[in-house]
Structure formats: C-alpha cells, structure tokens
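Biologist: Please take a close look at one part of this model for me, and start with its surface.

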Amino acid sequence: VHVRKYNQFMQNDGTTVAGQIGNGNTVNGTNQADLALHSTRYVEFSTGGSSTPRMVLDSSGNLAIGHSSPDTVLHTYTSSDWVGKFESSDGYAAIILEDNSSTNNGNRVGVTGNDLHLTTNGTERMRLYSDGDISACHNGGSFGIGTTNPSSPNSVNKFLHLHDSDH
C-alpha cells in the first residue's frame, strides 16, 4: 500500500506536474522541512480574496513583496513612503552589507536609539546623532571635505568659512 504524503498540482494539460505541497521528505527528498512547497516556476501568495499577489517567490530564489516580478533577492514595492522595516528588540539594530571580499559582518548601517552609525571593516567610522551633531570616528584615518583622497587628517579642498552664529 502506497500512502501519498503530498498533493500534486497539474498544468492544464493534466499530465505535467506544476507543483507539490507536503512534508519535506516526500516533496524534495530531505528530512529538513515539516512542510515543503515545490513549484516548477514560482510560488505566489494572495490574501483577502484578492487575485493580486501579495508575495512572489520565483525559481531563482528572488522574493517580491507587493510586486509580482522580483528582480533582486529581496524586492519590496508599495505606494507608501515606508518600503520596509527592520526592528531589533535590544538596544542596537543594523543591516550588514557584504560582497565576496568583505570582512564577516564588518560593514553595517546601524542605529542606537535615534542615532545612526556607519561601520566599515568592523570599526565605526561616522555617527549622526539625533540632535544634529555628526562625529567622524576615523581611528587614525583621514577626514576630507571636497576630496575623496584626503592628504592629511583633516583636508578641505574648498574654501572653509567659519563664523560664530551669535555675531
């Protein structure tokens, strides 16, 4: 007796499998998933009785939220000004940015309260404070205004105007 532990969904021709849903062992040959969904093209999620997809996962592993055609690993789309939110329950939150030659978790854009931090190679380089102050934490590096290659610890490649706001 063969007990099927998954359901198959067929194309309109009735013979071509379009996808399956079941437990991981019967759908994709692994024991890693309690529930697995297999599709030959993409998986689409709709809610609220709408035929408009709310989320699409394509065959390349790209995920779209609010859009039907993801063109990057994560693609969000909305008519709102707020396209995403990443929230931490502790006192620090960051997004890590890496390529194939980056130091592990070394490049981050993070927040503590309402202060924004920019970190490269594991060292905080700049902080934008919620009161409007800015600090450059160069740790032996150079800081430049009007130049991408400062020649001294503080290089200004344009005129610098200093004044006292009280006078």
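Biologist: Which residues make the nonpolar surface patch of about 720 Å²? Please also walk me through the sheet that holds strand E5.

Modeller: Happy to! This is a predicted model, in which local features need pLDDT of at least 70 and side-chain atom pairs count only at pLDDT 80 or more, while totals for chains, interfaces and linings use all residues. Residues are numbered from 1 along each chain as its sequence is written, and side-chain values use heavy atoms, leaving out hydrogens and water.

The patch is made by Ile-65, Val-73, Leu-74, Phe-86, Ile-95, Leu-97, Val-109 and Leu-118. Patches take residues with over 30% relative accessible area and no salt bridge, joining like charges within 9 Å and nonpolar side chains (Val, Leu, Ile, Met, Phe, Trp, Tyr) within 5 Å. A salt bridge here is a side-chain nitrogen of Lys or Arg within 4 Å of a carboxyl oxygen of Asp or Glu. Areas are Shrake-Rupley values with a 1.4 Å probe, and for residues only the protein chains shown count as cover.

Strands (E, at least two residues) are DSSP runs numbered from the N terminus, and two of them pair if DSSP finds at least two bridges between them. Four strands form an open sheet with mixed pairing, in the order E4-E5-E6-E7. Its edges are E4 and E7 (74-76), each of which pairs on one side only. Neighbouring strands are turned by 10° on average, direction ignored, using lines fitted to C-alpha atoms and angles from 0 to 180 degrees between N-to-C directions.

Going across, E4 (residues 42-45) runs antiparallel to E5 with 4 bridges, and Tyr-42 has Asp-58 of E5 as its bridge partner. E5 (residues 55-58) covers the face with Val-56 and Asp-58, whereas the face with Met-55 and Leu-57 is uncovered. E6 and E7 are parallel over 3 bridges, with His-75 of E7 as the bridge partner of Ala-64.

For context, 14% of the chain's 167 residues count as buried.

Definitions and conventions: Buried means under 20% relative accessible area, exposed over 50%, partly exposed in between (1.4 Å probe, protein chains only).
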